[in-house]
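Please keep the sequence and the 3D view at hand while reading.

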Amino acid sequence: ARELAAMAAVDTVDVRHFGWLTCAFACSYVLGLRVFARIGWPKQAVGEAASMVGGTAHSLLALAACVPLALREARVFSTQAGSAAELAEAGAAAACGLNPVGSAAALAPTFCYYSVDVFHYLLVNRGEPLFVVHHLAVLIMLATAMWTGRQALFPVYITTLLEAVTPFQMVWSYARDGRKVFPWLGDVYAAVSPFFTALYLFVRGAFGTVFMGYVLWMMLYSEGCRQNAHSAEMRYLFAFLMCGGYAGSMIWAKSLLSGYLRFRAKQAMSRKKTD
């Protein structure tokens, strides 16, 4: 019965739903370009600020859709396990199995936002190949999961994990880019930076490393995943795409930490001069 319900959810994906979401993100980007240019935002950062309007909406929509689904499915497969090993196998079988009811709708905000944002990096904010590759990898993974009707729980759980830090990242990014034009944003940047840096390094660095290790084990060695996945090729594809995306996050984490340390060094030098 559960497999029939899951297949029904996959078979009734509403393309119009994806269409209006994509249009909404595109409109928010165009409107953002006009608004930020008009208020005097730094010219080189206008495109990125416009992109982050949709990015903020995307993270909130994705979390609202993915968190309940992730918790619901975790409750389902956790009841089938008595030990930690059994729990790991049950989670792998669920993640590689048929897409649960609501998975396509939960992944729609991410698919539609990235479909728009990849053009931002191709046409406006050029010179960011890492983001282009990351976005394309995510789009391939989501499209494959929805097309085959399997393995959608992987991106659902990854979205739940990664998007938890995005709202804080948007506040931090706006404060960083706008502080030269709006001095009060400098105070916001100084206040938010320690918390955001620590949160990002913990969620995507420490916890993310453990989670990605579990993902690789699932894809490459778990019997539950082997039995329920669409194919071995799809398991390997997901493992490759997820490792590539995670490597991008780690490169950005290194840049974030380096920038924060430089910022703290400048603060210390300013205090010495005033003393």
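## Helix H3 against helix H7

The model is predicted. In the packing of helices H3 and H7, the H3 side contributes Ala62, Leu63, Cys66, Val67, Leu69, Ala70, Glu73, Ala74 and Phe77, and these meet Leu153, Val156, Tyr157, Thr159 and Thr160 of H7. Sorted by class, this contact of H3 with H7 consists of 11 nonpolar, two polar and one charged residues.

Two packed helices are described by the angle between their axes and the distance between the axes. Helix H3 covers residues 46–78 and helix H7 covers residues 153–162; their axes come within 9 Å and cross at roughly 120°. The two helices, H3 and H7, are therefore oblique to each other. Their crossing is left-handed.

Helix H7 is mostly covered, with seven of its 10 residues buried. The buried residues of H7 are Leu153, Phe154, Pro155, Val156, Ile158, Thr159 and Leu161. Leu153, Val156 and Thr159 also belong to the contact between H7 and H3.

## Helix H3 against helix H8

Helix H3 also packs with helix H8, residues 166–178, at an angle of about 165° and with the axes 9 Å apart. This angle makes H3 roughly antiparallel to H8. The crossing of H3 and H8 is left-handed.

The contact of H3 with H8 has seven nonpolar, five polar and one charged residues.

## Helix H8 against helix H9

Helix H8 has a further partner in helix H9, residues 184–221: the axes of H8 and H9 come within 9 Å and cross at roughly 140°. The crossing of H8 and H9 is left-handed.

From H8, the residues Thr166, Phe168, Gln169, Val171, Trp172, Tyr174, Ala175, Arg176 and Gly178 take part. They meet Leu185, Val188, Tyr189, Val192, Ser193, Phe195, Phe196, Leu199, Tyr200 and Arg204 of H9. By class, 13 nonpolar, four polar and two charged residues form the contact of H8 with H9.

## The disulfide and other cysteines

A disulfide is a covalent bond between the sulfur atoms of two cysteines. The count for this model is one disulfide. Cys96 and Cys225 form the bond, with their sulfur atoms 1.8 Å apart. The link of Cys96 and Cys225 is left-handed, with -60° about the S-S bond. Cys96 lies in helix H4 (residues 84–96) and Cys225 in helix H10 (residues 223–228), so the pair ties together parts that are 129 residues apart in sequence. Cys96 is buried, at a relative accessible area of 0%, and Cys225 is likewise buried at 0% relative accessibility.

For Cys23, the closest cysteine sulfur belongs to Cys27 and is 6.3 Å away, too far for a bond. Cys23 is partly exposed, with a relative accessibility of 47%. Cys112 is in no disulfide, and the nearest cysteine sulfur, that of Cys23, is 9.1 Å away. Cys112 itself is buried, with 0% relative accessibility.

Gly149 is found in the loop between helix H6 (129–148) and H7. This glycine, Gly149, is buried, with a relative accessible area of 1%. The C-alpha atoms of Gly149 and Leu98 are separated by 5.9 Å, although these residues are 51 residues apart along the chain.

Gln151 is also found in the loop between H6 and H7. Gln151 has a positive phi of about 70° although it is not a glycine. With a relative accessible area of 0%, Gln151 is buried.

## A glycine in helix H11

Gly245 is found in helix H11, which covers residues 232–274. The relative accessible area of Gly245 is 17%. Residues under 20% count as buried, and Gly245 is therefore buried. Gly245 and Val138 are 107 residues apart in sequence, while their C-alpha atoms are 7.8 Å apart in space.

How values were computed
Residues numbered from 1 in each chain as written. Predicted model: local features only at pLDDT ≥ 70, side-chain atom pairs only at ≥ 80, totals over all residues. Heavy atoms only, no water. Axes fitted to C-alpha atoms, helices over the stretch in contact; angles between N-to-C directions. Helix = DSSP H or I, 4+ residues; strand = E, 2+ residues; numbered from the N terminus. Parallel < 35°, antiparallel > 145°, perpendicular 65-115°, else oblique. Left-handed = near helix turned anticlockwise from the far one by under 90°. Contact = heavy atoms within 4.5 Å. Nonpolar A, V, L, I, M, F, W, Y, C, P; charged D, E, K, R; others polar. Buried < 20%, exposed > 50% of the residue type's maximum accessible area, 1.4 Å probe, protein only. Disulfide = S-S within 2.5 Å.
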